[in-house]
Amino acid sequence: MRRNMLLLALLTGALLAPLVARAAFSVELKSVNVDLPQSDRLFTGEGADVLNSNCLACHSAGMVLNQPALTRATWQAEVNKMIQSYKAPISGADVAAIVEYLTRTKGAGS
């Protein structure tokens, strides 16, 4: 009896293995087109060059300028977060100018 059960298990496994393998590894790749938003909008005004040089690598000007008005301290924290958490390659010399611009254009008091 034990021999028959073993034989049945082996035959079942041999018959089902190709079906299981085919189902588990069946992958079909298809090409897709993705339209990313285009933006030629730049930061403008006094001090905008430092944001255009640093921030546009990851953010659109529209995305940044559509943020809520924040205090100087909060803008400072946001710029620091970009540098520390996201490894934004912003020169220490540019941080004050970026915070100044953002506070002037999107500031919410002190």
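Alanine 96 is found in helix H5, where helices (H or I, at least four residues) and strands (E, at least two) are DSSP runs numbered from the N terminus. At 54% relative accessibility, alanine 96 counts as exposed, the terms being set so that buried means under 20% relative accessible area, exposed over 50%, and partly exposed in between, with a 1.4 Å probe and protein chains only. The C-alpha atom of alanine 96 is separated by 9.4 Å from that of valine 79, and the two residues are 17 residues apart along the chain.

This is a predicted model, in which local features need pLDDT of at least 70 and side-chain atom pairs count only at pLDDT 80 or more, whereas totals for chains, interfaces and linings use all residues. Residues are numbered from 1 along each chain as its sequence is written, and side-chain values use heavy atoms, with hydrogens and water left out.

The chain as a whole has five helices and zero strands, and from the N terminus on its elements run α-α-α-α-α. Buried residues make up 20% of its 110 residues. Among contacts (heavy atoms within 4.5 Å) between residues at least 6 apart in sequence, 61% join residues at least 24 apart.

One aromatic pair is present in the structure. Phenylalanine 43 and tyrosine 101 form this pair, which is edge-to-face, with 5.9 Å centre to centre and 90° between the planes; rings of Phe, Tyr and Trp (its six-membered ring) pair if their centres lie within 6.5 Å, and planes under 30 degrees apart count as stacked, over 60 as edge-to-face and the rest as tilted. Because phenylalanine 43 lies in the loop between helix H1 (2–24) and helix H2 (48–54), while tyrosine 101 lies in helix H5 (residues 92–106), the pair ties together parts that are 58 residues apart in sequence. Both phenylalanine 43 and tyrosine 101 are buried.

Helix H2 also holds asparagine 54, which counts as buried at 15% relative accessibility. A polar atom of the asparagine 54 side chain lies 2.8 Å from the backbone oxygen of valine 50. If its neighbours within four places in sequence are left aside, asparagine 54 is in contact with Pro89, Ile90, Ser91, Asp94 and Ile98.

Two loop residues can be taken together. Alanine 57 is found in the loop between H2 and H3 and is exposed, with a relative accessible area of 69%; its C-alpha atom and that of alanine 88, 31 residues apart along the chain, are separated by 9.0 Å. Lysine 87 has its place in the loop between H4 and H5 and counts as exposed at 61% relative accessibility. The phi of lysine 87 is near 60°, a positive value in a residue other than glycine.

On a 1 Å grid over the protein atoms alone, a pocket is an open set of points with protein on both sides within 12 Å along at least five of seven lines, and lining residues have an atom within 4 Å of a point. The largest pocket is lined by 20 residues, of which Cys55, His59, Val64, Glu78 and Met82 lie nearest its centre. Helix H3 (61–65), helix H4 (72–84) and H5 each supply at least two residues of this lining, and H4 gives the most, with four residues. By class, the lining has 15 nonpolar, three polar and two charged residues.

How values were computed: A polar contact is a pair of N or O atoms within 3.5 Å; within protein, one must be able to donate a hydrogen and the other to accept it, and residues adjacent in sequence count only if both atoms are side-chain atoms. On a 1 Å grid over the protein atoms alone, a cavity is a set of points where a 1.4 Å probe fits but cannot get out, and a pocket is an open set with protein on both sides within 12 Å along at least five of seven lines; lining residues have an atom within 4 Å of a point. Ala, Val, Leu, Ile, Met, Phe, Trp, Tyr, Cys and Pro count as nonpolar, Asp, Glu, Lys and Arg as charged, and the others, Gly among them, as polar.
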